[in-house]
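Please examine the structure shown below with its sequence at hand. The report that follows describes selected local features, helix contacts and aromatic pairs.

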Amino acid sequence: MNQIGLFVIPIKVNNSVSTYNDYIDFLVEAEKFGYTHVYVGEHLTDSKEDIQSSLIFSAALLARTKNLNVCLCVLPLPHYDIKLLIKQLEDLFRLAHGRLQIGFSQGALKSDAEYLNFDHSSRSHIFNEKLNLFLKEIKKSSYLNKIPSENFFSTLLSPYPVKSSFLYENGFSAITSNFVNEHFWENHIGCFLKNNHELKSSSKWHISLNLRPTELITNRTKDSIKESLFYIYEKLKLCNIDVMLPEIDNKKCKYKDLLDHLYRHMTYEEFPKKYFFLKEKYKNIMGHPIVNLFDCIDDLEYTEFIMGLPKNENF
């Protein structure tokens, strides 16, 4: 069976669904349906994306699954005391029995930096310092140095993530966010590879996608998906990142039209043609796809659609 992942840090629009109970139950079932990886996000101060610790969520998930690879997606290193984090990851590694993958980034939310009382404008500098220590401590760890380099990764969100070549050069992998329009996907691969096509690397490039059932889904589920996309759209706009609707003049769009554009251009009923084109063109680095999980897991048609994707294998 082909490998396929789920990305979970639900943008909460459904208060009747519990992130730390219903979602873990759902992911335990997802393993039975053929999902091979789960990617767990985290934010400290975003009440709508309410997994505050991917470490704790992942520990609970690892304890209830047998084969599922659990991936921290991603650890914002400026938030952590690196030596303490290493010890926590070692414990998680021992619990995982080879099923742990680790993502890292500089993080993004200004409110997280304010909560932790550091200067958000210094986030990039802090990240570079902590990343160097993080990688040194991993090499020294008798546990974490057993993790293959391609099982360390970072996520890509900007239109041209020029620094991502660092990942490929070091054998790490990359994941293009599900909030990046397909217009930019090949840009991401180009930046990731840079001019290192001949470099032998175990790195993989993964694409995260927003997949949904046909138009037969309930209006409540469709509205939930639209609200989720709009929430991220607004967050990215505050950061001056325009990766969701690059070819539409959003300033002239009414709210309802904007929701419709996001739904039409950022979700798919099946894996898109662009995905298969890139999979063939870059077959040596193409990793498994990752499906974003919307806050709709109490919708039977949505859950049946999601659970049916691994068996379909049309990816």
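Val74 is found in strand 3 (residues 69-76); helices (H or I, at least four residues) and strands (E, at least two) are DSSP runs, numbered from the N terminus. The peptide bond that leads from Cys73 to Val74 is cis, with omega near 0°. This is a predicted model, in which local features need pLDDT of at least 70 and side-chain atom pairs count only at pLDDT 80 or more, while totals for chains, interfaces and linings use all residues. Residues are numbered from 1 along each chain as its sequence is written, and side-chain values use heavy atoms, with hydrogens and water left out.

**Backbone and exposure**

Most residues other than glycine have a negative phi, and most peptide bonds are trans. His97, which is not a glycine, has a positive phi of about 50°. This residue, His97, is found in the loop between helix 3 and strand 4. Glu313 is likewise not a glycine and has a positive phi of about 60°; Glu313 lies in the segment after helix 11.

The table lists relative accessibility for several residues. Buried means under 20% relative accessible area, exposed over 50%, and partly exposed in between (1.4 Å probe, protein chains only).

| Residue | Relative accessibility | Class |
|---|---|---|
| His97 | 71% | exposed |
| Ser165 | 6% | buried |
| Asn240 | 71% | exposed |
| Phe271 | 7% | buried |
| Thr303 | 12% | buried |
| Glu313 | 33% | partly exposed |
| Phe315 | 5% | buried |

Asn240 lies in the loop between helix 8 (219-238) and helix 9. From Asn240 to Ile147 there are 93 residues in sequence and 36 Å in space, C-alpha to C-alpha. Ser165 has its place in helix 6. When residues up to four places away in sequence are not counted, Ser165 touches Cys191, Phe192 and Lys194, where contact means heavy atoms within 4.5 Å.

**Helix contacts**

Helix 1 (residues 22-32) and helix 11 (residues 300-312) pack at an angle of about 40°, and their axes are 9 Å apart. Axes are lines fitted to C-alpha atoms, for helices over the stretch in contact, and angles run from 0 to 180 degrees between N-to-C directions. Helix 1 and helix 11 are therefore oblique to each other; angles under 35 degrees count as roughly parallel, over 145 as roughly antiparallel, 65 to 115 as roughly perpendicular and the rest as oblique. Helix 1 passes helix 11 in a right-handed crossing. A crossing is right-handed if the near helix is turned clockwise from the far one by less than a right angle, and left-handed if anticlockwise.

On the side of helix 1, the contact is made by Phe26, Glu29 and Ala30, and on the side of helix 11 by Thr303, Ile306 and Met307. By class, this contact has 4 nonpolar, 1 polar and 1 charged residues. Ala, Val, Leu, Ile, Met, Phe, Trp, Tyr, Cys and Pro count as nonpolar, Asp, Glu, Lys and Arg as charged, and the others, Gly among them, as polar. Thr303 of helix 11 touches Phe26, Cys296 and Ile297, not counting residues up to four places away in sequence.

The axes of helix 3 (residues 82-96) and helix 5 (residues 123-140) come within 10 Å and cross at roughly 40°. Helix 3 and helix 5 are therefore oblique to each other, and their crossing is right-handed. Helix 3 contributes Ile82, Lys83, Leu85, Ile86 and Leu89 to the contact, and helix 5 contributes Lys130, Leu133, Phe134, Glu137 and Ile138. The contact of helix 3 with helix 5 has 7 nonpolar, no polar and 3 charged residues.

**Aromatic pairs**

The structure holds 14 aromatic pairs. Rings of Phe, Tyr and Trp (its six-membered ring) pair if their centres lie within 6.5 Å; planes under 30 degrees apart count as stacked, over 60 as edge-to-face and the rest as tilted. Phe104 and Phe172 form an edge-to-face pair, with 5.8 Å centre to centre and 85° between the planes. This pair links distant parts of the chain, 68 residues apart: Phe104 is in strand 4 (residues 100-105), and Phe172 is in the loop between helix 6 (165-169) and strand 6 (173-176). Both Phe104 and Phe172 are buried.

The rings of Phe271 and Phe315 have their centres 5.5 Å apart and their planes at 40°, so this pair is tilted. Phe271 lies in the loop between helix 9 (255-266) and helix 10 (273-281) and Phe315 in the segment after helix 11, so the pair ties together parts that are 44 residues apart in sequence. Ring pairs also link Phe104, Phe134, Phe152, Phe166 and Phe172 into a cluster.
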